[in-house]
Amino acid sequence: MIKYVNAIKKLDYIKSLKTYTHIELMKVALREANKALRYNDVPIGAVVSFNGQIISKAHNQVERYNNTLFHAEYLAINKAIKKLGYKNLNTCNLYVTLEPCSMCAGAIVLARLKNLYFGTSDFKAGACGGLINIIENKELNHQIKVYPDILKEESSYIIKKFFKEIRLNGK
Ligand SMILES: [Zn+2]
């Protein structure tokens, strides 16, 4: 309970930060996605927000740290929990350029995020309706509202371009 109060106080502080629209937050996620390219990581970016303010942002860093768990959403959720000092992010929204995988969807459910906004669907590994649906599974004790197709073309373009370049380079 004390921790929760502290988290709310921190949220009051965050309220004084700049407010962004959904589209602007997704653009921040896209800029994060581009950062992943520096280390040849698949360009995926994520932002955790509260009332339009940015609490944390991260990009995919699997290749950079040679750690298969270092997905953008997972890292952004971790940062937000550390920043707020509370395990539940039930007043926060997550923006991510690609539909989250099963690990990240599980993390989103466990962290009890409020809404999920994502750019493009992942029909090969998405766990928010693309391949399977963990995020809206009624059997779980928490469901998140999902809003797909936010800046879909831009989100899809950077990933397609990345894999196209890999094929052309014969990597
Ligand atoms: Zn993931």
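The expected span of a helix is 1.5 Å times one less than its number of residues. These views show a predicted model, in which local features need pLDDT of at least 70, side-chain atom pairs count only at pLDDT 80 or more, and totals for chains, interfaces and linings use all residues. Residue numbers start from 1 along each chain as its sequence is written.

**View 1. Helix α4 and what follows.** Helices are DSSP runs of H or I with at least four residues, strands are E runs of at least two, and both are numbered from the N terminus. α4 has 13 residues and spans 18 Å from first C-alpha to last, close to the expected 18 Å. Its buried residues (20 or more other C-beta atoms within 10 Å of their own, with C-beta atoms placed from the backbone) are A72, E73, Y74, L75, A76, I77, A80 and L84.

**View 2. α4 against α5.** Helix α4 (residues 72–84) packs on helix α5 (residues 102–110) at about 25°, axes 9 Å apart; axes are lines fitted to C-alpha atoms over the stretch in contact, and angles run from 0 to 180 degrees between N-to-C directions. So α4 is roughly parallel to α5 (angles under 35 degrees). The contact (C-beta atoms, placed from the backbone, within 7 Å) pairs E73, Y74 and I77 of α4 with M103, C104, A107 and I108 of α5.

**View 3. G129 in its loop.** G129 sits between β4 (115–120) and β5 (145–147). Why is G129 partly exposed? Because it has 18 C-beta neighbours inside 10 Å, and partly exposed falls between exposed (12 or fewer) and buried.

Key:
Angles under 35 degrees count as roughly parallel, over 145 as roughly antiparallel, 65 to 115 as roughly perpendicular and the rest as oblique. Two residues are in contact if their C-beta atoms, placed from the backbone, lie within 7 Å.
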